[in-house]
Amino acid sequence: MYPSCLWPGSTTQRPGTSRGCERHPAPRSCLLSFYVSFCIPNQQPEDALEALARAVFIILSLCSVLVIGMGEGGSRSEEGIERGGKPGQPPRCPSMSPSAQPRTHPGQNQLFADLSQEELTAVMSFLTQQLGPDLVDAAQARASENCIYSVELQLPPKAAALTHLDRGRPPPPREALAIVFSGGQPKPNVSELVVGPLPHPFYIQDVTVERHGGPLPYHRRPVLIREYLDIDQMIFDRELQATGLLHHCCFYQHQGRNLVTMTMAPRGLQSGDRATWFGLYYNVSEAGFYLHPVGLELLVDHKALDPARWTIRKVFFQGRYYESLAQLEDQFEAGLVNVVLIPDNGTGGSWSLKSQVPPGPAPPLQFYPQGPRFSVQGSQVASSLWTFSFGLGAFSGPRAFDIRFQGERLAYEISLQEVLTIYGGNSPAAMLTRYLDGSFGMGKYSTPLTRGVDCPYLATYVDWHFLLESQTPKTMRDAFCVFEQNQGFPLRRHHSEVYSHYFGGLTETVPVVRSVSTLLNYDYVWDMVFHPSGTIEVKFHATGYISSVFLFGAARRYGNQVGQHTLGTAHTHSAHFKVDLDVGGLENWVWAEDMAVVPTAIPWSPEHQMQRLQVTRKMLETEEQAAFSLGSTHPHFLYLASNQSNNWGHPRGYRIMLSFAGEPLPQSSSMERAFSWGRDQLAVTQWKKEEPSSTSIYNLNDPWTLDFTDFINNETVTGQVRLVAWVTVGFLYIPHAEDIPNTVTVGNSVGFFLRPYNFFDQDPSSDSADSIYFQKDQDAKACEVNPLACLPQAAACVPDLPAFSHGGFSQN
């Protein structure tokens with residue numbers, strides 16, 4: 001046996017030894033000196049001579065190896081090592097991390113592709129020429145100036161896209177949608193302009209009235225970064241410049257800026273308002289400030305175009321309301337304010353995401369032993385079973401188009417529409433807050449994916465180009481990742497020992513496309529998963545920091561205490577999706593199936609009765625019948641079906657499987673119209689080009705803009721009509737101590753499945769090349785019987801790992 005330190009000739013620690021014996025790879029000529037000087041002294045005295053003898057034997061053996069190597073042609077070339085791996089190691093696996101290939105020619109995969117840098121630049125240049133010299137860079141624009149807020153892809157009309165995809169006709173022109181703020185006009189307004197054709201635009205079409213039924217009032221516009229900066233300047237440089245209260249309670253440092261603001265929403269109580277509650281928090285270095293409220297909240301009226309006219313309309317401090325900061329300061333000086341002193345390091349907890357434990361062994365790693373089994377070209381993904389195009393709406397977030405299984409289209413579009421978070425609490429900021437994250441931008445606030453954390457290390461990472469609050473396009477590195485994941489679980493299996501003896505099964509591997517949006521404190525991980533059974537899974541996980549407020553009074557009615565002065569406030573997460581299924585064609589029907597238990601006389605013993613389970617089936621005829629509100633009973637099986645049948649006479653269909661926990665906001669709320677889609681877990685409506693989305697980016701600042709319930713007006717959903725499903729998923733969350741410092745994704749995931757229901761004649765995965773089957777009289781260890789038996793040879797390669805990567809941080 002070798003000594004307990006190292007295997008001779010090895011570059012790694014021997015299993016079971018202490019970390020003190022680790023070393024870096026060393027030339028073989030150095031091995032004996034290291035072995036004698038370090039390992040032999042660690043032996044027992046009686047073993048020293050034996051160990052020395054072994055050392056002499058080892059060096060003689062190594063010399064013979066070196067002589068043989070020289071005799072075969074001397075040292076190996078770098079090229080040889082690159083191909084075959086290092087001497088004594090397996091060869092490197094082929095093409096470990098497939099790189100996304102750029103678009104090489106116009107074609108089907110460009111139809112839904114987000115705009116390129118060149119296209120964004122062309123649109124901005126054309127708009128600048130057409131709209132005149134008064135345009136200001138949106139990054140610096142004030143409310144009284146004109147700017148181009150955003151430019152993104154204008155999705156092609158469905159009819160024209162299908163004509164191109166299915167009949168080979170020329171593709172519809174690529175167009176961009178630009179949102180323009182015109183604050184410098186006599187009557188300030190927001191306009192939406194379609195620009196095309198790309199990449200050489202020459203026309204502009206104003207679609208504001210067509211899309212919104214009239215002009216867009218200026219107060220509905222999203223808040224620019226410049227506006228937030230002006231609000232901060234107003235608060236800290238004008239209003240809080242000489243406050244003794246903050247110096248006393250919160251160690252306020254005006255120059256050091258140890259306090260930061262956090263915006264709440266919506267921005268008012270009635271249409272036309274633009275007044276926002278801002279909470280103040282300690283700016284804790286390198287940790288989430290969201291956990292460190294100081295108890296001061298300010299209602300800022302910022303409707304005026306001139307920041308000098310902005311005012312603070314109401315003040316809340318540690319449980320009490322005041323008309324102004326001056327009144328609060330006067331009462332503090334008179335000794336009428338009970339001040340809770342809050343240390344500026346929070347409450348002494350561990351708030352950082354930096355672990356206090358040293359790194360351990362590397363975690364498990366999945367790799368492709370024979371190369372990746374999918375490709376990414378431009379925005380299109382192709383595997384042996386699935387093809388689809390993916391993208392990212394600047395405001396709506398992740399989306400996929402033209403989703404096909406074994407070449408047959410199942411869905412034209414699956415896209416996120418909106419994310420809603422409703423908070424509770426006993427401070428004004430908490431009790432009022434209803435975040436509609438589409439107004440902030442699920443794409444705009446996407447973040448780069450960190451290799452090996454946000455996605456598997458060997459995933460394919462794809463960049464995203466965007467033009468938002470800027471005059472020039474920017475690139476977000478690694479905004480998407482695409483990978484094939486071994487689920488480590490059988491998709492199906494059976495081990496038979498009754499009458500016949502065999503085993504058959506299939507491990508499930510799935511292509512996944514992923515992106516992450518970070519909206520203030522919360523991070524949403526968005527997944528679309530494509531199963532070999534023909535099932536599509538759409539889900540999101542929530543992580544990041546909880547939102548918190550100052551703890552006072554009956555705070556525990558609204559959440560849990562998570563710090564000495566900190567309340568984690570209860571809230572709900574809801575995500576709304578558009579699901580444009582084309583099941584066996586463009587025209588579909590809605591079917592509901594459930595169970596009933598029917599008393600029945602037993603045929604061979606009529607004097608006895610049994611309760612017999614049977615299936616009930618109903619075709620739903622109207623949009624009202626096909627809308628299922630939260631909390632109500634709904635059919636266990638609900639599916640869209642075509643007028644085609646499978647071999648067994650059943651309509652070919654796709655089932656929509658939902659999950660939701662939580663309650664919708666009561667309809668008596670004046671704000672509920674802005675997210676009335678949240679009333680229903682599922683609603684199936686007629687497809688209309690006038691109803692491309694269930695929400696509007698203007699709903700956050702004016703929650704009375706678009707009402708989704710207008711989509712449900714008792715029209716038929718049977719016969720020769722096209723349908724679209726609107727799906728809401730979400731969950732209730734009550735923060736607790738284990739959310740400090742960060743909320744984990746475990747248990748904080750929700751989504752839906754689109755699952756074949758008599759669409760096929762049998763399970764399509766039964767013919768998977770990954771299937772395993774062997775009988776009792778067969779040798780399961782033989783490659784020709786069982787492909788898994790070949791893994792020791794097929795997977796005997798070393799992953800060629802790319803360097804770690806992270807896309808960096810925004811300057812905003």
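**A walk through the predicted model**

The structure examined here is a predicted model. Within helix 7, the buried residues are Arg 226, Glu 227, Asp 230, Ile 231, Met 234, Ile 235 and Phe 236. The cover over these buried residues includes strand 6 (259-263), strand 7 (275-282), strand 8 (293-301) and strand 9 (311-317).

Before other regions are considered, the confidence of the prediction deserves attention. The mean pLDDT of the protein is 84, and 84% of its residues reach 70 or more. Two stretches stand apart from this picture. Over residues 1-49 pLDDT stays under 50, and the model has 50 contacts beyond four places in sequence for them. Over residues 55-84 pLDDT also stays under 50, with 21 contacts beyond four places in sequence. Where pLDDT is low, the predicted coordinates should not be read in detail.

Helix 5, residues 158-167, has a set of buried residues as well: Lys 158, Ala 161, Leu 162, His 164 and Leu 165. They cover an arc of only 160° around the axis, and therefore lie on the same side of helix 5. An α-helix has 3.6 residues a turn, so residues three or four places apart point the same way. The buried residues of helix 5 pack against strand 14 (397-405), strand 15 and strand 25. After helix 5 comes Gly 168, which has a positive phi near 75°.

The discussion now turns to charged side chains. Side chains of opposite charge can pair when their charged atoms come close. In this model the count of salt bridges comes to 29. One of them joins Arg 257 to Asp 237, with the closest N and O atoms 3.6 Å apart. This pair links distant parts of the chain, 20 residues apart: Arg 257 is in the loop between helix 8 (244-250) and strand 6, while Asp 237 belongs to helix 7. Arg 257 counts as partly exposed because its relative accessibility is 28%. Asp 237, with a relative accessible area of 30%, is partly exposed too.

Other salt bridges involve buried residues. Lys 578 and Glu 413 meet through their side chains in a salt bridge, 3.5 Å from N to O. Lys 578 lies in strand 25 (residues 571-581) and Glu 413 in strand 15 (residues 408-423), so the pair ties together parts that are 165 residues apart in sequence. Both Lys 578 and Glu 413 are buried. Salt bridges that share partners also join Asp 166, Asp 402, Arg 404 and Arg 409 into one network. Within this group, the side chains of Arg 409 and Asp 402 form a salt bridge at 2.8 Å, N to O. Arg 409 and Asp 402 are both buried.

Strand 11 runs antiparallel to strand 12 (residues 380-383), and four bridges join the two. Opposite Val 376 stands Val 381 of strand 12. The hairpin formed by strand 11 and strand 12 has two residues between the strands, and Gly 378 in this hairpin takes a positive phi near 60°.

How values were computed
Residues are numbered from 1 along each chain as its sequence is written. This is a predicted model: local features need pLDDT of at least 70, side-chain atom pairs count only at pLDDT 80 or more; totals for chains, interfaces and linings use all residues. Side-chain values use heavy atoms; hydrogens and water are left out. Two strands pair if DSSP finds at least two bridges between them. pLDDT is the predictor's confidence in each residue, from 0 to 100. Contact means heavy atoms within 4.5 Å. Buried means under 20% relative accessible area, exposed over 50%, partly exposed in between (1.4 Å probe, protein chains only). A salt bridge is a side-chain nitrogen of Lys or Arg within 4 Å of a carboxyl oxygen of Asp or Glu. The arc is that of the directions from the helix axis to the C-beta atoms.
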